[in-house]
Amino acid sequence: MFRAAFRSPFSPLRTSVATLGSPSLSVARRLLSQEARAKIQDAVHITPVVLFMKGTPDAPQCGFSRAAIQVLDLQGVPTEKLKTFNVLEDSELRSGIKEFSDWPTIPQLYVNGEFVGGCDILLSMHQSGELEQLLEKSGVVPPVVEEPQASTPQSS
């Protein structure tokens, strides 16, 4: 019976090709409620760095979430400027965040309310130095100040 509901042409989860303007036959699409959208919007704007992940920073539940936490740690993101959400605790959040960002995977990183990307983008930005620049520009981490080289006294 449950599977039959998904096959029915009258299912509220089905959207016609004409509606989406997509060349695919038909697509099941879940629409994020305004309440859920508002909660996510508030969450990404309250704290400078927000990570939607599987598990917690102390106990990540997937390698990608672990890598994201490690990169943020390497970048020196202070814990008071980082908020994480465990999507495994809330199935609506798990599917809703994907629709909110239009990004299919988790983890997802936001800096000052702006979507940065998933683990692959985060790693690439870390390796290129772009993530450090973004975090500095956003005021999340202080700029790195290079100390002048100490000169060695010359013998006379």
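Here is a walk around helix H3 and its neighbours.

A: This is a predicted model, so local features need pLDDT of at least 70 and side-chain atom pairs count only at pLDDT 80 or more, while totals for chains, interfaces and linings use all residues. Residues are numbered from 1 along each chain as its sequence is written, and side-chain values use heavy atoms, leaving out hydrogens and water.

Start with the names. Helices (H or I, at least four residues) and strands (E, at least two) are DSSP runs, numbered from the N terminus.

Helix H3 covers residues 34-46. Its 13 residues should span 18 Å at 1.5 Å a residue, and the end C-alpha atoms are 18 Å apart, which agrees. The expected span is 1.5 Å times one less than the number of residues.

Now its two sides. Ala36, Ile40, Ala43 and Val44 are the buried residues of H3. They cover an arc of only 90° around the axis, which puts them on the same side of H3. That arc uses the directions from the helix axis to the C-beta atoms. An α-helix has 3.6 residues a turn, so residues three or four places apart point the same way. On the other side of H3, Gln34, Glu35 and Ile46 are exposed. Buried means under 20% relative accessible area, exposed over 50%, partly exposed in between (1.4 Å probe, protein chains only).

What do the buried residues of H3 pack against? Their partners are strands E3 (49-53), E4 (82-86) and E5 (108-111), plus helix H5 (91-101). Contact means heavy atoms within 4.5 Å.

Those strands belong to an open sheet of 4 strands, in the order E4-E3-E5-E6, with mixed pairing. Two strands pair if DSSP finds at least two bridges between them. E3 and E5 run antiparallel, joined by 4 bridges.
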